[in-house]
Amino acid sequence: MARYKVILQVIILCHLSWLLIGCSGIKEIQSEIYVTALGIDFSDNKYHLYFQAVGFNNITGSEPDIGKEPAPIVIGHGEGDTIQEAIDDIEKHSVNPLYYGHIQAIFISKNMLDGQLDDFLDYFSRDYYLRYNTLIYAYERNIKEIMNVRGLFYKPPNLTFTYDPKEQLFFNTFFPTVTVQNIIKRFYEPIGSLMIPSIDVTDDYWDEDNDAKKILTIGGAYFLSNKKLTGWLQEEELSGLDWFNKEFKNMKLAIKDKSVSMSIDNIKHTIKIVDGKAPKYDVELDVKASITENPKNLDRKQIAQETEAIISSQIQQTFNKGLEINADVFNLSEKAYRFKSNTWTKEEIKDLTNTSIHQITVNVFVKDGGAVKIKK
């Protein structure tokens, strides 16, 4: 009897397995188009949506990081009077069902930032597929060129830094990770500025197969205040932001005229409000550094002093560059607005000048003498 029970169980199990395999409505993973990035633009009074997609064979495999041949890149384009109409336009002309659950990056054009960002955030809040930790970048050049850039070693775009910036941040502290959640938090604030890093394409640094290799890079950042685009600053003008980045990992600094190279190991900063007719701010930084090269055998005290001067200069210059485009790059006014709102009016708090930073104090501790040149 027990034997017949076992046989019956096996027969039932086989039938169930066959039903599961043949269930209607279940899609094979390979039959769907996995959208990994979204580009959005507003021009000619229409919304333009660009979908970057990769095949399933680029997502899985024994060695997903390095491909044996260039990974195919698929870009879809749709347009409409609304964002939803543009999405519908793509879907109506898609050869396979689209899946949006893997979107990791969104590229927003300068045109969208200049008056249409509110519409995007409104749509985003109603789309359950899009996640609040999705990374955001701005762009001005051709979005198709940006989306067609592969990584080194034939990596598909979804394995480049725009999707996972942790590696890039290891040596580039300016590069901020801005998510949809960050934008929603700052966009509606009456004080301070919202910064969105801008993506660009360059072929100045790498060759692949003896040809100049295009890579994506951060060229600078756009700034918005009171829901309006105020301007753009290039990366070199934003060096002062390095010292306030909470995602700090590691940074290289050079005293070029002294041939000294250093690695910054730790940064702590405090900002204090100074009372007066208008709010001013005292900025203090404690920085720890290690010397990686010191061929002229300069003593650590001199190196520390020169490093302090460089950092102070970078902070003041970045702040002043922000003022030129009416941007509060360090969001100093936010501190006065939150903690001293009864002392000044909102207009007084927002009215920053090149003397709003009352004092910059930088304390650099050089931990070691580094590699020095041996005198013969």
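A residue is called buried when its relative accessible area is under 20%, exposed when it is over 50%, and partly exposed in between (1.4 Å probe, protein chains only). Accessible areas come from the Shrake-Rupley method with a 1.4 Å probe, and for residues only the protein chains shown count as cover. The model is predicted, so local features need pLDDT of at least 70 and side-chain atom pairs count only at pLDDT 80 or more, while totals for chains, interfaces and linings use all residues. Residues are numbered from 1 along each chain as its sequence is written, and side-chain values use heavy atoms, with hydrogens and water left out.

Helices (H or I, at least four residues) and strands (E, at least two) are DSSP runs, numbered from the N terminus. A salt bridge is a side-chain nitrogen of Lys or Arg within 4 Å of a carboxyl oxygen of Asp or Glu. The structure holds 15 salt bridges. One of them joins Lys 227 to Asp 118, with 4.0 Å between the closest N and O atoms. Lys 227 lies in the loop between strand S8 (211-225) and strand S9 (228-234), and Asp 118 in helix H4 (residues 117-126), so the pair ties together parts that are 109 residues apart in sequence. Lys 227 is partly exposed at 40% relative accessibility, and Asp 118 is partly exposed at 31%.

Helix H4 also holds both Arg 126 and Asp 122, which are four residues apart, about one turn of the helix. These two residues form a salt bridge in which the closest N and O atoms are 3.1 Å apart. Arg 126 counts as exposed because its relative accessibility is 56%, whereas Asp 122, at 40%, counts as partly exposed.

A network of salt bridges links Arg 141, Glu 145, Asp 200 and Lys 214. Within it, Arg 141 forms a salt bridge with Glu 145, the closest N and O atoms being 3.1 Å apart. Arg 141 is partly exposed at 31% relative accessibility, and Glu 145 is partly exposed with a relative accessible area of 24%.

A patch of negative charge on the surface is formed by Asp 203, Asp 204, Asp 207, Asp 209 and Asp 211. Patches are made of residues with over 30% relative accessible area and no salt bridge, and like charges are joined within 9 Å. Asp and Glu count as negative, and the place of the charge of an Asp is taken as CG. Strand S7 (residues 194-208) gives the largest share of the negative patch, three residues. Asp 204 is found in strand S7 and counts as exposed at 61% relative accessibility.

In helix H7 (residues 180-187), the buried residues are Val 180, Ile 183 and Phe 187. Seen down the axis of H7, these buried residues fall within an arc of 60°, so they line one face of the helix. The arc is that of the directions from the helix axis to the C-beta atoms. Gln 181 and Lys 185 are exposed on the other side of H7.

Asn 226 has a phi of about 50° and is found in the loop between S8 and S9. Asn 226 is partly exposed, with a relative accessible area of 36%. For Asn 297, phi is about 55°. Asn 297 is found in the loop between strand S12 (280-293) and helix H8 (300-324) and counts as partly exposed at 30% relative accessibility.

Definitions and conventions: Patches are made of residues with over 30% relative accessible area and no salt bridge: like charges are joined within 9 Å, nonpolar side chains (Val, Leu, Ile, Met, Phe, Trp, Tyr) within 5 Å.
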